[in-house]
Amino acid sequence: MSGDPNSGRRVVPLALAALGVVFGDIGTSPLYAMSACFTGPNIQVTPEHIFGVLSLIFWTLVLVILLKYVAVVLNADNKGEGGVLALTALVINTERASPRRRIYGTLGILGAALFFADGAITPAISVLSAVEGLHVAAPTAGIPVLPITVMVLVGLFLIQRHGTGSVGKVFGPVMLGWFAILAVMGVGWIVREPQVLYALDPSRALVLISQHQISALAVLAGVFLTVTGGEALYADMGHFGKSPIRLGWMCIVMPALVLNYFGQGALLIENPAAVSNPFYLMAPEWFLWPLIVIATAATVIASQAVISGVFSVTTQAVSLGLFPRLRVEHSSAQFAGQIYVPTMNWILMIAALALVLSFGSSAALAGAYGLAVSGAMTIVTPLTLSLIKSRTGRESRTLRAGLSLLFIIDIAFLLANLTKLGDGGWLPLLSGFIIYWLMQTWASGKAAVMARLLRDQKPVRDFLEDLKRDPPVRVPGTAIFMDAKATGIPRALLNNIKFNRVIHERVVLLTVVTREQPRVPAAKRLSVTPVCEGIVRLVAQVGFMEKPNILEILRDAEAYGIVYEPENTTFFLSREELLPGQRSDLPPLRRRAFMQMARSAQVVADYYGLPPGRVIEIGTRLEI
């Protein structure tokens, strides 16, 4: 993690880099948000309605992004890391004795599930809306938008395995140019129709809502599209720190977005028919083709940011026991945060292509977009409220009251997006709940397996008595036995003695514990406890942002007297073959799903980076 830089000289370069990662999604919302605001019944493109919509957009950016995220939520960091799972882990850690702990944990898992659903929709709607500019540039040419969109998306997902290190260097400058274009296009139209600035008056928004009431919910659903991507400010905080993100938002992103939205409003005052695609119709005809190319590049960058976020959240979910083990590849030798998760990459690609082909246009897809993001952003607020209360106590009453008011605004947007259920909003909601169910299923299944293993585990005292009564043959070398819980004796060791009647001269019972914090300091990472002569228990603690590497852990353990000789070390793993039992804590459907996920999980030896020629797996049948 970069952390908050301490010098101004570091803030500015990091703010520029953040433009290409943090603000890509919210920065491409002008491509489709304004036209979506006028899709509701009785919302005609009149000056008064335009003023009302622009006022809603402006004050939404101020309240939801500037006040909620930039001013408050960025302070709710888990040792510098952000995102709904990092926040949930921190809240659960501070609510250990509270009955609300389970509620907050459920909210966090649901928020992560909705984020995964958003991860497929963002590339689809962003790239599709950019390519649709071809219809504006050449309306009679019959250019096939969908095939071009499909090719761009396929290319985007195919390059993921190569990493974003080299491409990332140009992301920031490209997005800086993009925001400059947004601002310049907006200013040109604002000068032509300066009356559009009346929309800065918040009463214009209130008048629109009071006049149209139920119909205004459709407008709010469109307005919410202007802040989709706001959650990335928090999720990507660990990459850049708070100060660069705040600087980028206040000095570049928010001014550019406001100017462009107001410019689109000015265009609609002069030409209401331009509501079909106000963004591209703002541009002079000579600039349309370059604008389409730049917009497509910007949407690819925005999609890249979300895809990378999905990879990061997937890794966190695996570490926290919410997903089965998945293969994770590090695409950069210098930056640990640049990772590639093949399984999630192909799932996202298939989902994004299916969305493009089934919905056919960004306008149709907009109905499906807001609900998942709205749900995820709403969940962040009560979690942040809980954290503020635990950190500051009574002194935070004013802050908590303000955040509670913002929670009401979150609920209003969530209700507005629920009106889009019939227009595709059901899809991300259904996807989110399926992912949530799978995450809960995996967590429940792991708990059931662990409970069964612990019931069958032999206590250390009984094991030592058996060794004294019937000592096995000692063989040279070191044996590493992976142990899920640092309590009894692992089954692999018991079976090795039972069937082979041998035990190595040096035995290490190794347990890897994932803590509810991003990273564990080196000084607190390892602990060694003697069990008996020749047998020690090694407990390695890692954070949920870290991928445990057993070989690195063993090399670090040499400082504690554990000798690691690769050529004389054998790793023993216990592999459970799960069978359906007559009595189970899991319902039949959930049990079948868990067993399928367990079979598809990455092999333990590969996940922990064990040398393939030094691993022995001892299988056990286990009924659940």
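**Exercise 1: an aromatic neighbourhood**

Decide whether W286 is buried or exposed.

Solution. W286 has a relative accessible area of 68% and is therefore exposed, since buried means under 20% relative accessible area, exposed means over 50%, and partly exposed lies in between (1.4 Å probe, protein chains only). This is a predicted model, in which local features need pLDDT of at least 70 and side-chain atom pairs count only at pLDDT 80 or more, while totals for chains, interfaces and linings use all residues. Residues are numbered from 1 along each chain as its sequence is written, and side-chain values use heavy atoms, with hydrogens and water left out.

Describe the ring pair that W286 forms with F287.

Solution. The structure holds 14 aromatic pairs. One of them joins W286 and F287, with 5.4 Å centre to centre and 55° between the planes, and is tilted. The rings of Phe, Tyr and Trp (its six-membered ring) pair if their centres lie within 6.5 Å, and planes under 30 degrees apart count as stacked, over 60 as edge-to-face and the rest as tilted.

What kind of aromatic pair do Y607 and Y608 form?

Solution. The rings of Y607 and Y608 are 5.2 Å apart, centre to centre, with 75° between the planes, which is edge-to-face. Y607 is buried at 7% relative accessible area, and Y608 is buried at 15%.

Find the residues that ring pairs link into a cluster, and then the residue whose charged end sits over the ring of W189.

Solution. The cluster consists of F58, W59 and F262. The charged end belongs to R192 and sits 4.0 Å from the centre of the W189 ring; a charge sits over a ring if NZ of Lys or CZ of Arg is within 6 Å of the ring centre and within 35 degrees of the ring normal.

**Exercise 2: cysteines**

How many disulfides does a search of the whole structure find?

Solution. A disulfide is a covalent bond between the sulfur atoms of two cysteines. The search looks for a pair of cysteine sulfur atoms within 2.5 Å, and it finds zero disulfides. As for individual cysteines, C37 is buried at 0% relative accessibility, whereas C532 is partly exposed at 26%.

**Exercise 3: the whole chain**

Describe the protein chain by its helices and strands, and then by its radius of gyration.

Solution. The protein chain has 25 helices and eight strands, which are DSSP runs (H or I, at least four residues, for helices; E, at least two, for strands) numbered from the N terminus. Its radius of gyration is 27 Å, close to the 25 Å that the globule rule gives for 624 residues, so the chain is as compact as a globular protein of that length. The radius is taken over C-alpha atoms, and the rule is 2.2 Å times the number of residues to the power 0.38. Along the principal axes, the C-alpha trace spans about 95 × 55 × 55 Å, and 55% of the 624 residues count as buried.

**Exercise 4: residues in helices**

Which residues of helix α5 are buried?

Solution. Helix α5 covers residues 84-94, and nine of its 11 residues are buried. They are V84, L85, A86, L87, T88, A89, L90, V91 and I92.

Work out the surroundings of T122, I181 and L403.

Solution. T122 is found in helix α6 (residues 101-131) and is buried at 0% relative accessibility. Leaving aside neighbours within four places in sequence, T122 is in contact (heavy atoms within 4.5 Å) with D25, S303, V306 and Y369. I181 lies in helix α9 (residues 165-192), is buried at 16%, and touches F287, L291 and I294, not counting residues up to four places away in sequence. L403 is in helix α19 (residues 397-418) and is buried at 1%; leaving aside its neighbours within four places in sequence, L403 contacts K68, V72, T381, T384, L385 and I388.

**Exercise 5: positive phi in loops**

Where does Q213 lie, and where is the place of R501?

Solution. Most residues other than glycine have a negative phi. Q213, however, has a positive phi of about 45° and lies in the loop between α10 (202-212) and α11 (214-224), where Q213 is exposed at 56% relative accessible area. The phi of R501 is near 60°; R501 has its place in the loop between α22 (491-500) and β4 (502-515) and is partly exposed at 35%.
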